Amino acid sequence: MASSVNPTVRRRRLGQELRRLRELKGMTAEEVAERLLVSQSKISRLENGRRSISQRDVRDLCGVYEVEDHRIVDSLMQMAKDSRQQGWWHSFGDIPYSVYIGLETDAASLRAYEPQIVPGLLQTRPYAEALIQGALPETSTADIEKRVQVRVRRQERVSTEDSPLRLWAVLDEAALHRVVGNRQVMREQLEHLAEMSQLPHITVQVLPYEVGAHPGLNGQYAILEFPDAADSSVVYIEGVTSDLYLEKAADVQKYSVMYEHLRAQALNVDQSRQFIADIAKEFAR
């Protein structure tokens, strides 16, 4: 569940505020970098929340932007302090997608399209174990277990009764047929998926093969939205060595429109649940 202080979200909010102050001053990131004798990439990383920011950085930037209101400076300094605290996921060590976990932990809703696998928040433990082992064949048993534990912990966002994450998942039919682990693992996974889809805050739709070409053919993506209007929505695209986070309004809008097309072309909720149940029965034979 979301903690009282989420460092990922704090960094994003702080970065957005620093960008606003820079723009009010009419300065470019390059000009700020020259004043502070740092790289332009550092300023960009601070503003997009991808880099931890120190109170000294905030002090220096406020000096460049000539912020005279001490209350604003103190507030930004406190945000910088909070942003350096650790979220629950840090206790598991180095997690490659820790930025995403921080965003997911604080999100109010998540719209996900998965062309190949069942979404992580809806996976059973045996399915997750087999999936991670297959996707990362050179990963040690200990690291696989750590990743599974993190995935199980993430699932608390949809299993809790206290402000659960609003999840809408569209799955390509291929995700239901791909045998991850073995047939028993798949049967249990699909039964679990159908069961979870009955929860009021979880919607699952299946995009059948017969739909043909559709807007999701370019691959998996997710759209995260947050309870605070100050936090812009984020499109997350998972990569092999690095992930992509899109926050520009035009980009989010484009992916949102694509998602609406996917939902419209997919089977409705009841049809999807029955479709999943039928394939689960096939794995039981």
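Mentor: The structure holds four aromatic pairs. Rings of Phe, Tyr and Trp (its six-membered ring) pair if their centres lie within 6.5 Å; planes under 30 degrees apart count as stacked, over 60 as edge-to-face and the rest as tilted. Keep in mind that this is a predicted model: local features need pLDDT of at least 70, side-chain atom pairs count only at pLDDT 80 or more, and totals for chains, interfaces and linings use all residues. Residues are numbered from 1 along each chain as its sequence is written, and side-chain values use heavy atoms, with hydrogens and water left out.

Trainee: Okay, how are the rings of Y100 and Y236 arranged?

Mentor: They're stacked, because the planes sit at 25° with the centres 4.2 Å apart. That pair links distant parts of the chain, 136 residues apart: Y100 is in helix α6 (residues 98-106) and Y236 is in strand β5 (residues 234-237). Helices (H or I, at least four residues) and strands (E, at least two) are DSSP runs, numbered from the N terminus.

Trainee: Is Y100 buried or exposed? And Y236?

Mentor: Y100 is buried, at 6% relative accessibility, and Y236 is buried too, at 4%. Buried means under 20% relative accessible area, exposed over 50%, partly exposed in between (1.4 Å probe, protein chains only).

Trainee: How do the rings of Y236 and Y245 pair?

Mentor: That pair is tilted, since the planes are at 40°, with 5.3 Å between the centres. Y245 is buried, as is Y236. Ring pairs join Y100, Y236 and Y245 into a cluster.

Trainee: What lies over the face of W168?

Mentor: R263, at 4.0 Å from the ring centre. A charge sits over a ring if NZ of Lys or CZ of Arg is within 6 Å of the ring centre and within 35 degrees of the ring normal.

Trainee: Switching to the core. Which residues touch the most other members of the largest one?

Mentor: L190 and L193, out of 45 residues in that nonpolar core. Helix α11 (residues 183-196) gives the most to this core, six residues. A nonpolar core is a set of buried Ala, Val, Leu, Ile, Met, Phe, Trp, Tyr and Cys residues joined through side-chain atoms within 4.5 Å.

Trainee: What is L190 in contact with, leaving aside its neighbours within four places in sequence?

Mentor: L176, I276, I279, A280 and F283. Contact means heavy atoms within 4.5 Å. Another core, of 20 residues, lies apart from the largest one, with L21, A33, I43 and A80 among them.

Trainee: And pockets? How much space lies in the largest one?

Mentor: About 960 Å³. Of the 33 residues lining the largest pocket, Y97, R151, Y236, E238 and G239 are the closest to its centre. On a 1 Å grid over the protein atoms alone, a pocket is an open set of points where a 1.4 Å probe fits, with protein on both sides within 12 Å along at least five of seven lines; lining residues have an atom within 4 Å of a point. The volume is the space filled by probe spheres set on the points, which are joined across faces, edges and corners.

Trainee: Which helix gives the most to that lining?

Mentor: α6, with four residues. Helix α6 is mostly covered, with eight of its nine residues buried.

Trainee: Last one: where is L37?

Mentor: In the loop between α2 (29-36) and α3 (40-47). L37 has a positive phi, near 60°, though it isn't a glycine, and it's exposed, at 77% relative accessible area.
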